[in-house]
Amino acid sequence: MGKPKNVRELTEKAMRDCFKYSLMNIGDIFVSFSPHVNSVSFDVYKEGWGIDRDTDISVSITLKGILKPEISEAKKRLKPLYDYMKGGKQ
């Protein structure tokens, strides 16, 4: 696929990486897309989702408009998510 060239590609890669991670590891990563605001949210529950648990990591990336970050800012926002996946439980 190659290196992401823009915020949308970077976010799509993060979504795929989260799906792969969630299939093979303990911990829940919820990924949601809100088409009315063109935003993707990532919510991490390190010990698994529970109604009484708060998210451990929450990241949101807007894909269009004035709230869309530069690619360097999007990478900074996604860093905690990738740090978690690198050190996650198996």
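I began with the length of helix α2: its 17 residues, at 1.5 Å a residue, should span 24 Å, and its end C-alpha atoms are 24 Å apart, which agrees. The expected span here is 1.5 Å times one less than the number of residues. Helices (H or I, at least four residues) and strands (E, at least two) are DSSP runs, numbered from the N terminus.

A word on what I was looking at: this is a predicted model, in which local features need pLDDT of at least 70, side-chain atom pairs count only at pLDDT 80 or more, and totals for chains, interfaces and linings use all residues. Residues are numbered from 1 along each chain as its sequence is written, and side-chain values use heavy atoms, with hydrogens and water left out.

**Entry: along α2**

I stayed with α2 and looked for a bend. There is a kink of about 40 degrees at Leu-78, shortly before the proline Pro-80. The bend at a residue is the angle between axes fitted to the seven residues ending there and the seven starting there.

Which residues of α2 are buried? I found Ala-74, Leu-78, Leu-81, Tyr-84 and Met-85. Buried means under 20% relative accessible area, exposed over 50%, and partly exposed in between (1.4 Å probe, protein chains only).

Contact means heavy atoms within 4.5 Å. The helix, residues 71–87, lies across β1, β2 and β3 and runs at about 145 degrees to β3. Axes are lines fitted to C-alpha atoms, for helices over the stretch in contact, and angles run from 0 to 180 degrees between N-to-C directions.

**Entry: the sheet**

Next I traced the strands. They form an open sheet of three in the order β1-β2-β3, with antiparallel pairing. Since β1 and β3 stand at the edges with a single partner strand each, one side of each is left without a neighbour in the sheet. Neighbouring strands are turned by 10 degrees against each other on average, direction ignored.

Two strands pair if DSSP finds at least two bridges between them. I read seven bridges between β1 (residues 28–34) and β2, and six between β2 and β3 (residues 57–62). For orientation, I noted that Phe-30 has Asp-43 of β2 as its bridge partner, that Val-31 has Phe-42, and that Ser-39 has Thr-62 of β3.

How many residues of β2 are buried? Seven of the seven (residues 39–45) are, so the strand is largely enclosed by the rest of the structure. In a regular strand the side chains alternate between the two faces of the sheet. I checked both faces of β2: Ser-39, Ser-41, Asp-43 and Tyr-45 are buried on one side, and Val-40, Phe-42 and Val-44 on the other.

**Entry: the loops**

The hairpin of β1 and β2 has four residues between the strands. Asn-38 sits in this loop and has a phi near 50 degrees, a positive value in a residue other than glycine. Most residues other than glycine have a negative phi. Asn-38 is partly exposed, at 22% relative accessible area.

I then moved to the loop between β2 and β3, where I found Trp-49. Trp-49 counts as partly exposed at 47% relative accessibility. Leaving aside neighbours within four places in sequence, Trp-49 touches Asp-28 and Phe-30.

**Entry: around α1**

Where does Asn-25 lie? I located Asn-25 in the loop between α1 (7–24) and β1, buried at 13% relative accessible area. The Asn-25 side chain reaches the backbone oxygen of Tyr-21 at 2.9 Å. A polar contact is a pair of N or O atoms within 3.5 Å; within protein, one must be able to donate a hydrogen and the other to accept it, and residues adjacent in sequence count only if both atoms are side-chain atoms.

My last stop was Asp-17 in helix α1, buried at 17%. Leaving aside neighbours within four places in sequence, Asp-17 is in contact with Tyr-82 and Met-85.
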